[in-house]
Amino acid sequence: MGFDLHPAAVRRGKFLAHSSLFPGRVLAILWRHYRTFGSILREEWHRRWNIFWEHRFHNGLNATPLSLDLDLTRRCNLKCRMCDQGRHTTEPPVGLSWYDPDQELPLSVWTNLLDQVASFRPRPRLYITGGEPTLYRDFPALIQEAKKRGFLVHLQTNGTRLGQFAEFLVAQGVEMLSISIDGPPEIHDRIRGHGRAFSRAAEGIAALIAARKRLGKPGPLLSINCVISKANLACLEQMVPVSLDLGADTLYLIHTTFNSEANVARHNLLVSPRWAQSQGLDLIFPSISPGEYYQSEIARGDLPLLRENLKQARRLARGRLMLTLNPNPPLAKLEPYYLDLDYPFPQECNGLWNSCRILADGTVSPCLHVVAGKITEQPFQEIWNGPRMQNFRQVIARGLLPGCARCCKRRFS
C-alpha cells in the first residue's frame, strides 16, 4: 500500500492509499525524498501526541507550533477567479494593514523570528506563501536565512516567476515546492486571469527539474496543486496526465474554500465587538470582509460529474503519481459539503494547535481577523501562548464559528 504524505494530509492524520504496493514511480519518489517524508512523519507524531494532551489539559496553552505559515506579501501578479484575498471580483480589501505593500516586513524582522523559533523541538516547518511570495523584495535572502538555520522549507507559488528562481531553490536545498495548476493550458489561463500563466509555470517546472539533475539533488519535492471549481470540473481527471507530463511528484486536488453571503452575514452578526470582548479576543471588524470569500458555483447537477472525475483521477494516478485530496470528505458527502453549509460535520479544527499564520506586516492572525499579536512588538512565544491565543483556542475547542464552515483545516469525515 502506498501512502499519501502531503503535509496537509499528514496534519489531518490521513494516509490515503492510492498506489498499491509502492509500484514503480511512487516507490522512487518515496526513496528520493525519504528525508522530507521522514520529517513529515515526525511532525505527525508530535501533532497527534501534543494536540491530544493540549486539548484536554492545558486550557488553551500549547506546545510550540509544528509549522509557521509566513505570508510574505499579499501582492500577486494573477487574478484568480476563486481567490479569497479580494482579487476575484474587487481590489484587495482596504483597511487591513497586511495588504499594504508599504507595511511588508523587512528581512531583519523575519530573520529575528527564525532565530527565536530555531531552537523549538521539533523545529517548525516553514510554509512560505502569500499572495505570490516570490514578489517579496527579499525573497531569495529569506530562503537563504531559513536554510542556514536548518528549517524545512515548503514554498507555495503560482509558478509564473519560477524560472528565475529554479536553480537557486534547488541549490539552497528547499525541500518542497507546490505550484498551482488548475487544468490544461486554456482552462488554467482562464481561471488564473493571465494568458501565459500555464506556459510560464511549465517553463519554470522544466527549469527546476533540469536544475535537480544538473546539481545532483533530489529536491524540491514537486507538487501540483489544483483547486476544484466549476470552471475545471469537466477536466479534473486530466490533471493526472498533465501533472505527469510536467514531471510532478504529487498531485494535490483541493476543494475550494468557499462561503455564502448569508453565512458571512450570520458570522459577522455573531462575531461582534461585544462578543469578542466577552471572549477576551482582539478582532479587526468585520471578521470576514466583503471580497475576502469565494462563493462556490458548483450546483447539485454538477455533483455526479465531480464524483466520477475524482474516482477517475484516483484510478489514473494509481502506481504513477501520489494523489491527495484536501479536504477529503467521503464522496457520499460531497452533496452536503457543497450545498449545505449547516451540515453537522465534526466540530473539530486543529489549526490553532499545530500551526501559526504570520501576515505580511507581522500580524499573528490564525484566521477570521483574530489578532493574537505582532512579531514587531513582542517575542513570538509570548504571542503563541499569550492570553489572546489561549482564549481563541478555548472558543474553538467549544465549537466552530459560522465562518469556519468550509475551512480546509477542519474535519469533514
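The legends below describe close-up views of a predicted model. Residues carry numbers counted from 1 along each chain as its sequence is written, and side-chain values rest on heavy atoms, with hydrogens and water left out. Because the model is predicted, local features need pLDDT of at least 70 and side-chain atom pairs count only at pLDDT 80 or more, whereas totals for chains, interfaces and linings use all residues.

View 1. Strands are DSSP runs of E with at least two residues, helices are runs of H or I with at least four residues, and both are numbered from the N terminus. In β1, 5 of the 5 residues are buried, so the strand is largely enclosed by the rest of the structure; buried means under 20% relative accessible area, exposed over 50%, and partly exposed in between, with a 1.4 Å probe and protein chains only. Burial extends to both faces, with Ser-67, Asp-69 and Asp-71 on one side and Leu-68 and Leu-70 on the other.

**View 2. The strand partners of β1.** Two strands are said to pair if DSSP finds at least two bridges between them. With strand β2 (residues 125-129), β1 pairs in the parallel sense over 5 bridges, and Asp-69 stands opposite Tyr-127 of β2. With strand β8 (residues 355-358), β1 also pairs in the parallel sense, here over 4 bridges, and Ser-67 stands opposite Ser-355 of β8.

**View 3. Helix α7 (residues 185-192) and what covers it.** The buried residues of this helix are Ile-187, His-188, Asp-189, Ile-191 and Arg-192. Their cover includes β4 (176-180), α8 (197-215) and β5 (221-228). Just after α7, Gly-193 adopts a positive phi of about 70°.

**View 4. Ser-365 in the loop between β9 (363-364) and β10 (373-374)**. Ser-365 counts as buried because its relative accessibility is 1%. Leaving aside residues up to four places away in sequence, Ser-365 touches Arg-357, Leu-359 and Val-370, where contact means heavy atoms within 4.5 Å.

View 5. A search of the whole structure finds 0 disulfides, a disulfide being a pair of cysteine sulfur atoms within 2.5 Å. Cys-83 is accordingly in no disulfide, and the nearest cysteine sulfur, that of Cys-80, lies 6.1 Å away. Cys-83 is buried, with a relative accessible area of 16%, and Cys-356 likewise counts as buried, at 3% relative accessibility.
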